[in-house]
Amino acid sequence: MDNAKVDKIVEKHKKDSCQLIGILQDVQKVFNYLPKSALDHLAKKLDIPESQVYNVATFFKAFSLNPRGKHIVHVCMGTACHVRGAKRIMEDVARELSIPEAGGNTKDMEHTVEQVNCVGACALGPVIIYDGEYHGSMTPEKTLKLFKK
Amino acid sequence: MKRQRLNSQESLKKYREALVKARDPNQKVITVCGGTGCIAYGCKKVVEAFKTELEKQGLTDKVKLLVTGCHGFCERGPLVVIRPENLFYQRVKAEDVPEVIEKTVKNGELIERLQYEGKDKKKILKEEDIPFYAKQQRTIFGFNGYVDPKSIDDYIAIGGYSALPKALLEMTSEKIIDEVKKSGLRGRGGGGFLTGAKWEICAAQADQTKYIVCNADEGDPGAYMDRSVLEGNPHSIIEGMLICAKAIGASHAYVYVRNEYPLAVENLGIAIEQARELGLLGKKILGSDVDFDITVNRGGGAFVCGEETALLNSLMGKTGEPHQKPPYPAISGLFGKPTIINNVETWANVPLIISKGSAWFASIGTEKSKGTKIFSLVGKINNTGLVEVPMGMTLREIVYDIGGGILKDKKFKAIQTGGPSGGCLPEEKLDLMVDFDKLTEAGSMMGSGGMIVMDESTCMVDLARYFIDFLKGESCGKCTPCREGLKQMSGILNRICDGNGTEADIETLKDMSETVKDASICALGGTAPNPVLSTIKYFRNEYEAHIRDKKCLAHTCKKLIKFEINQKCTGCTRCVKTCPTTAISGKVKTVHNIDQGKCIQCGVCVDRCPFEAIDVD
Amino acid sequence: MDLSVYASRCVETPEKFSQGHRGCVGCGEVLALRQVFKAVGRDTIVINATGCMEIIASTFPTTTWEIPWIHTLFENTAAVASGIETAYKVMKRKGIYPKDLSVKFLALGGDGATADIGLQALSGAMERGHNFLYVCFDNEAYMNTGVQRSGATPYGASTTTSPAGKTIGQVTWKKNMPAIAIAHNIPYVATANPAYPFDLMEKVKKGQAVEGPAYIHIYSPCPTGWRCPPDLSIRYGRYATESCVFPLFEYENGKYTLNKDIEKPIPVSTYLKGQGRFRHLAEQDVAYIQNHVNNDWAALKKRCQE
Amino acid sequence: MTKEITITVDGRKVKAAEGLYLLDVLKRNNIYVPSLCHHDQVHPYGVCRICIVEMELNGRRKVMSSCNLKIADGQVFHTTSEKLTKERKILMELMLARSSGAKEVIELAQRLGVEETRFPKEDDGCIMCGLCVKACEQVVGVSAIGFESRGPNRKVSAPFDVEAERCIGCGSCVFICPTNFIKMEDKNHVRKIPLWHVELKMKQCKSCGPDIAPEKQLEYIRNKVKLPENFFDTCLNCRP
């Protein structure tokens with residue numbers, strides 16, 4: 001079942017191992033994270049060593065090898081956001097959801113918080129992306145409201 | 001609609017003429033900025049509102065609604081410009097839409113509250129008169145306000161793809177390279193290498209297979225101009241690469257885009273599809289002997305992939321590990337073949353050089369840095385956004401004239417150029433002319449064009465620590481100096497910020513910086529110590545204050561500050577409720593007190609207090 | 001550690017002992033020497049006693065040695081080595097050589113040069129504690145001059161000076177050189193065999209690294225003198241160890257370690273069979289040797305378990 | 001035949017074939033440049049950076065690693081400048097801080113005149129030279145192991161840090177590891193490499209008994225060279 005989904009993605013990319021990163025992005029979109037079984041299958045399908053797949057999957061920040069929560073929250077830690085206080089926002093989020101400051105899953109698996117380096121919306125700093133939706137000029141209060149919603 | 005393939009210069013010309021003819025220059029056009037910044041401000045709702053309102057009023061045929069790429073003035077989004085008068089409205093909300101249509105579009109009346117207000121409280125009517133735009137020279141970026149990125153017709157109608165037939169059919173490859181060389185265009189990605197010279201080396205390689213790569217992995221935090229060009233005008237990139245394809249004899253290109261830029265990926269994909277439909281990509285383009293196609297590759301979120309050799313590695317489905325140059329990619333790059341890799345902005349400049357001529361391009365800028373450069377002006381500044389200025393403008397002009405000065409009129413402290421590996425320049429360097437060499441001389445760099453303005457509330461040691469921490473996490477970990485060196489530097493800087501620094505630390509940092517710079521494989525490590533070196537050079541007093549006096553002059557380093565409640569406290573108890581560690585106590589309507597043992601210096605109370613009753617020391 | 005097939009491809013190729021020498025076909029000693037050279041660093045001075053390795057590798061005007069090399073007489077190899085080592089130390093102290101330079105000294109000798117003629121000098125050098133590594137290539141006779149018996153020739157072997165006929169060949173048991181070296185209380189002594197290249201290289205590296213004298217006794221099959229097929233010299237090396245005739249062990253700071261524990265030793269006859277020098281042995285002679293080997297093996301195992 | 005070219009090293013003219021790596025040329029000419037992650041059986045990876053030299057380029061001196069630098073005619077190098085000595089020392093200090101217990105690192109550091117490191121010491125036996133990964137890929141050809149993560153978190157590991165499926169237990173990684181970080185144990189007819197979480201059954205000789213090599217490795221060789229099925233039933237000694 002799961003392998004069929006992977007097969008489909010691989011077919012879409014014409015079995016081109018150079019598209020590995022793109023394929024992994026798509027696989028992650030389907031499963032919300034990168035399960036080991038899918039990656040093993042992917043390696044076989046593309047005829048590349050598992051070690052290469054694993055290396056790429058752990059190298060890039062966008063990939064997660066562990067299951068993630070229902071809602072994915074990115075807190076931008078780019079320079080522009082940093083000078084406008086992104087660190088404080090992150091601390092608040094971490095405290096509020098009782099997760100480590102580097103990000104992680106909440107216990108109820110509702111949220112996964114991840115730090116990102118720049119989302120290219122620097123004029124709006126500090127920025128939080130909640131399930132793909134940009135929220136600019138965040139303050140600790142606005143952040144909390146966002147999570148309560 | 002299935003479009004006809006354009007297979008000659010003539011057919012492209014006809015196609016353009018037909019498009020221009022069909023368009024009334026006096027037609028009312030409502031331009032809504034659809035860049036990511038404005039999307040975050042809710043421009044999608046505004047667009048929807050315009051659509052329904054236009055339909056309701058039955059104006060769909062008379063008034064054109066154009067959703068464009070980023071206009072640059074992100075601070076004031078969502079932006080609406082009404083053409084042909086170029087009336088500028090800022091911070092437009094969905095509720096304002098009926099009024100805009102009723103008053104401005106139909107009757108030509110102005111709505112004052114949506115207009116831009118200058119420093120002298122005077123309302124400014126037209127887009128081009130706004131100081132933010134007035135001083136800019138928007139040769140690349142200007143198109144963004146006029147084209148729908150999802151429509152190739154818009155681009156052709158304003159003269160896009162006019163350099164292409166010239167290059168493909170009228171010029172030899174030597175002529176193209178010569179033209180690019182004469183223009184003095186230098187790589188906009190940060191290296192500043194002469195683009196024409198790079199092409200010449202690549203063209204001279206005997207290998208038959210060559211590749212072209214567009215570097216759109218804009219990993220610099222605080223910079224987003226490549227994103228905006230790619231989102232707003234993807235065809236200019238395609239045209240630039242096509243011209244290079246003819247010049248060096250390549251037939252395939254890859255665009256490596258960050259996955260964090262979904263809109264750029266989408267728009268680029270549409271643009272490529274449309275170009276294929278018109279036969280501007282594919283076999284025998286415009287009847288010439290050039291075959292060319294483009295593949296889009298998505299990145300995975302790694303700053304190091306902005307480095308060209310790392311990017312090429314990543315394009316081959318591996319991790320983004322750079323390797324030592326030489327061999328340069330122009331000689332041995334993707335799959336070991338000669339490869340031209342240029343940044344988005346560089347590609348966007350190429351069609352302009354071909355169509356307007358190298359002399360025109362070389363007339364802009366300074367002696368060794370030609371043309372314009374887009375900067376992303378962000379941080380503690382009034383007019384955040386993207387600005388395109390000719391090379392050689394001073395930092396002061398950019399910060400004060402275009403940027404409108406520092407937020408809340410605080411004191412300017414430093415400007416950081418060139419992304420995380422650039423340097424911080426102090427106030428006395430504000431009159432520095434911005435070009436590749438001058439910035440490098442001053443201990444910073446051009447980089448890809450990030451400009452982050454900082455005011456007195458930014459601690460420079462903390463900032464250096466932030467950058468080193470960032471780069472430590474972004475290092476690929478391949479070579480020792482970068483992996484271990486940055487780790488140790490980060491350790492030292494963290495120690496200083498925590499008030500545990502020693503006198504020897506500054507010298508150790510300087511020693512290490514030199515080694516990391518020289519011995520690292522790639523430019524990430526090679527420039528990583530810049531923030532440290534430049535802050536030590538210009539703000540040594542702050543380091544010394546942290547180390548000797550255990551004081552953070554900007555009151556940001558947590559371990560070195562203390563919160564205290566002063567007599568302004570009215571006893572409203574707001575801070576008591578928000579304090580996460582119950583460090584604040586006090587009865588209603590009496591002055592509160594902070595238990596220093598419990599306080600974690602989170603600063604929430606300062607945010608909550610409406611009376612400025614909490615002092616930071 | 002038995003690393004086979006692929007690991008061996010990771011062995012570095014450069015040796016400071018180049019091709020074009022005049023060693024016999026299938027020479028186990030040259031093989032051992034090359035392995036030694038793969039293990040030693042480039043900052044090494046070689047002191048080489050008269051013997052096969054000197055004859056085959058240094059015929060004027062050519063040379064196989066790519067590092068500083070000095071030829072000595074049979075009797076004074078260790079003495080010359082200790083002289084050079086001392087001189088080097090003095091030069092370093094006087095500041096003529098840089099302090100951070102670390103040069104190693106490698107003395108090479110055959111079994112004759114080690115166990116017989118040069119024993120006195122070697123004993124002295126070991127006792128004085130010079131910082132050098134002595135490697136003995138043991139092919140169990142004076143091969144270079146035409147197979148004359150030496151102190152290291154094993155019981156029963158037929159040589160030109162101990163021909164089988166009236167006697168059984170060599171009538172005495174092989175001199176136990178490693179034990180003599182151990183008796184000097186030096187920090188490192190080991191036995192090695194080119195049939196076990198990783199073990200050999202590891203031991204040479206160890207021997208070079210220790211402070212003070214080190215002695216490595218390398219078993220070097222010699223198809224010419226042993227009168228066995230040249231393509232089987234490595235196999236005979238393996239037989240020697242697997243039948244416990246030449247066990248691999250090391251002695252480090254007073255402790256014995258068995259490097260290759262043989263669970264089920266093969267019979268000595270497998271080893272003896274096929275070598276021309278042993279072909280006259282009768283069944284009871286083989287049984288006698290087997291018995292002796294068993295006793296030695298048991299004694300060594302006991303020592304290693306201590 | 002390859003072209004012979006001349007380069008200048010520390011003022012001395014050195015002749016060599018074109019396209020060789022600088023470090024190899026220096027070694028052959030007895031010019032000492034320290035190196036740590038270099039191994040002549042593996043393509044140079046150039047990560048330890050200890051072998052840095054200075055190359056003259058347009059009147060400036062550029063620091064580059066010599067192990068992966070292909071020489072070209074007329075290049076001018078310096079191997080012993082004050083700057084290089086200082087930078088190598090700092091590199092050694094960094095490496096010492098990472099692997100304070102690795103004998104090879106300590107020795108090289110002492111040789112380069114570094115006794116102590118200024119940085120907080122850790123004792124990670126791995127110096128991230130990548131030789132094991134490269135040997136597994138280039139020499140053995142199975143790519144059973146690889147790198148994981150990036151930056152300071154980077155380490156060598158089997159995929160997913162569980163049993164390395166492709167590992168054939170040949171031990172090349174163990175042999176090539178310069179710091180003996182990768183351990184291997186043969187006991188009771190089982191070969192264990194704990195770092196890759198593998199335990200492989202050894203094949204025994206049918207006629208004399210002792211272990212030959214891991215079954216998986218023999219199988220791999222047999223398939224690769226197309227040997228008969230029963231080829232590895234007996235050990236080398238028992239084969240005719």
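How far apart do the C-alpha centres of domain 2 of chain B and domain 5 of chain B lie? In this predicted model, in which local features need pLDDT of at least 70, side-chain atom pairs count only at pLDDT 80 or more, and totals for chains, interfaces and linings use all residues, the two centres lie 56 Å apart. Residues are numbered from 1 along each chain as its sequence is written, chains are lettered from A and ligands numbered from 1 in the order in which they are written, and side-chain values use heavy atoms, with hydrogens and water left out.

Chain B is divided into domain 1 (22-130), domain 2 (152-357), domain 3 (372-455), domain 4 (460-549) and domain 5 (562-616); these bounds come from an automatic or database domain assignment.

Between chain B and chain D, 32 residues of chain B are in contact with 32 residues of chain D (heavy atoms within 4.5 Å). The two chains bury about 2700 Å² between them, with 50% of it on carbon and sulfur atoms; buried area is the accessible area (1.4 Å probe) that two parts lose on being put together, summed over both.

Across this interface, 8 salt bridges are found (a side-chain nitrogen of Lys or Arg within 4 Å of a carboxyl oxygen of Asp or Glu). D:Arg98 and B:Glu484 form a salt bridge through their side chains, at 2.7 Å from N to O. On the side of chain B that touches chain D, two or more residues each come from helix 18 (460-474), helix 19 (480-497) and helix 20 (504-519) of chain B, helices being DSSP runs (H or I, at least four residues) numbered from the N terminus. Helix 19 of chain B gives the largest share of that side, 8 residues.
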